[in-house]
Amino acid sequence: MDRTVAEADGRVSIELEELSRVEVTLVAGDVLVSATPGPSRVEVEWLGGPELLVSEEAGVLVVRHDSWPRPGGGGLPRALVAVQCPPGASVQSNTVNASTVVAGMAGQLRTASVSGPVTLSYVGGDVRARTVSAPVEMEGVSGRLHVATVSGTVELAGGCLADLRASSASGDLFLDVELLPSGTCRCSTVSGDLALRVPEEVGADVEACSVSGRLDVGGRPVRRGGRGMYAQIGETAVDRPRIMLRTVSGRMTVLPRRTGRNPGGVRTPAVLA
Amino acid sequence: MTKVFGHGGLRLFLLMLLDEQPQHGYDLIKMVEDRFLGMYTPSAGTVYPRLQSLEDEGLIEHEEIDGRKVYRLTEAGRRELDERRSELDELQRRAVESARHLAGTIREEVRGSVREMRDDLRHAMKDVKRQERWAARQARGGGWDPFGAGGLGDLFGGGARPSGGGPRRREERGRADADPGGSRLELRSLHADLDAFVDDVMARARGMVVDRAGVDRARSALLDARDAVLTALGGSTPEADRPGPDGGPGAAGPGHDPAEEDGPDHWA
């Protein structure tokens, strides 16, 4: 299936074969990818710039603007692209300024944006998000998560992860998360603050390395030695997850979450339930 | 969500779905829901009467397959659909708008959780800092000691190093360094000492049962202390500006800099 969407088409809604992969490249506007148990579908609304190309072949959906930048302008390429697909499909979204929202997906997920904010709601599997200056806001992420930004804030409210990596230059990292036993979390910033909260009953071994940043581990003793600072949360000694923090001048805080409340365990988002 | 279908809208939408392929009533409901990204689910009580009336008008017909009704479009239904194409496009547009609405809803939901988490964390970080300051003071000998390590003695002896820590204090030190000499540095050190005094008193008071009368006695003691301090600094007649138990800004003592927002009276 190949078609173009331009101004004259207005809004287009296309029902598709079951998708296994979604690739969206957009300059401005909105990208929404949500999981559905029903048939796959894409809705595209052209809002400016060159026409949009929508193609689907063997379960791979590709949506992008045709030939941008192109001489003579044609306005800022702007569009709304909303895709519904099976949760297991892999997703790649590249945007400049467009905001990206992904909900309920459980396969491979890659988002990249310059200044468009990224929102991930109850996604899982293998997740990577990169931005330059835009914030990454997440709730209920499970599996593996890698987030990288230059100056955006990274925020994760709840989730259960085996592998978490977050890095930024000046953006702050706020991560409230449960790490699987023997899971690892590596966070690094240049000047951004790092704040983590992990369940006390799971505990964590904390290692921190910094030029001038301070480390607080919920008032627990911090031992200096070797190549950095060491502290520990929780009593049980088996399979404590490791938290490795690295910053030049950011403040590092790791706090235990006392109640077992994990604000975003693994569940489907209310809006998709 | 706001009303998705205007008058006759759902009817038209059902015709459109049946044009694609014959369906059970239940599947139609599911399909409407899917088209609107789960933002709108018509109830069976909405859909079945409409199917019935469409059938009465001869726009659709049904046949029983395995005891369930499967609806399909008639020729008249197809003509009706063609005549109302433009209205249908409008409905499709609303489906897209519901996509935007969904994106907005998800974003708001996540943003709400994230904000709550961040505030929680910030709060907890402040608690940790407060505990640390208290622990540090305990370790230094259990209280405010202006002439001990890090206190007044150090301030005047070895350059500006106010007791306590924290970013604000560091900032002050920077400013004081930039403007040495005169009464400014001395004023800073007095300020730092008063701050430390407040912290110390508050830390101790937290473990006590404090009542109204106690607070009043403390106020009176503070006023005495203020007068004594100002006298010690070589200043004004204490009795002249005694404002009564609720404190209020004291007289400008010597060296009191009006530009200084939180002068020595800020703890009163």
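Among the contacts in chain A between residues at least 6 apart in sequence, 50% join residues that lie at least 24 apart. This is a predicted model, and the secondary structure of its chain A comes to 23 strands and 0 helices. Of the 273 residues in chain A, 54% are buried.

**Confidence in chain A**
- The mean pLDDT of chain A is 87, and 91% of the residues in this chain reach 70 or more.
- Over residues 260-273 of chain A, however, the pLDDT is below 50, although this stretch has 44 contacts in the model beyond near neighbours in sequence.
- Where pLDDT is low, the predicted coordinates should not be read in detail.

**Strand β5 of chain A and its partners**
- Strand β5 of chain A, which spans residues 41-48, is mostly covered, with 6 of its 8 residues buried.
- β5(A) is joined by 5 bridges to strand β2 of chain A (residues 11-15), and these two strands run antiparallel; within β5(A), V42(A) is the residue that stands opposite I14(A).
- β5(A) also pairs with strand β8 of chain A (residues 78-85), again in the antiparallel sense, over 7 bridges; here E45(A) stands opposite L80(A), a residue of β8(A).
- As a general point for reading such strands, the side chains in a regular strand alternate between the two faces of the sheet.

**Helices α1 and α3 of chain B**
- In chain B, the axes of helix α1 (residues 9-20) and helix α3 (residues 44-56) come within 10 Å and cross at roughly 75 degrees.
- Angles of 65 to 115 degrees count as roughly perpendicular, and α1(B) and α3(B) are therefore roughly perpendicular to each other.
- On the α1(B) side the contact is made by L10(B), R11(B) and L14(B), while α3(B) brings T46(B), R50(B), L51(B) and L54(B).
- The residues of this contact of α1(B) with α3(B) divide into 4 nonpolar, 2 charged and 1 polar.

**Contact of chain A with chain B**
- The contact takes 40 residues from chain A and 29 residues from chain B.
- On the side of chain A that touches chain B, the residues divide into 16 nonpolar, 13 polar and 11 charged.

Key
Residues numbered from 1 in each chain as written. Chains lettered and ligands numbered in written order. Predicted model: local features only at pLDDT ≥ 70, side-chain atom pairs only at ≥ 80, totals over all residues. Contact = placed C-beta atoms within 7 Å. Nonpolar A, V, L, I, M, F, W, Y, C, P; charged D, E, K, R; others polar. Buried ≥ 20, exposed ≤ 12 C-beta atoms within 10 Å, placed from the backbone. Helix = DSSP H or I, 4+ residues; strand = E, 2+ residues; numbered from the N terminus. Pairing = 2+ DSSP bridges. Axes fitted to C-alpha atoms, helices over the stretch in contact; angles between N-to-C directions. Parallel < 35°, antiparallel > 145°, perpendicular 65-115°, else oblique. pLDDT = per-residue confidence, 0-100.
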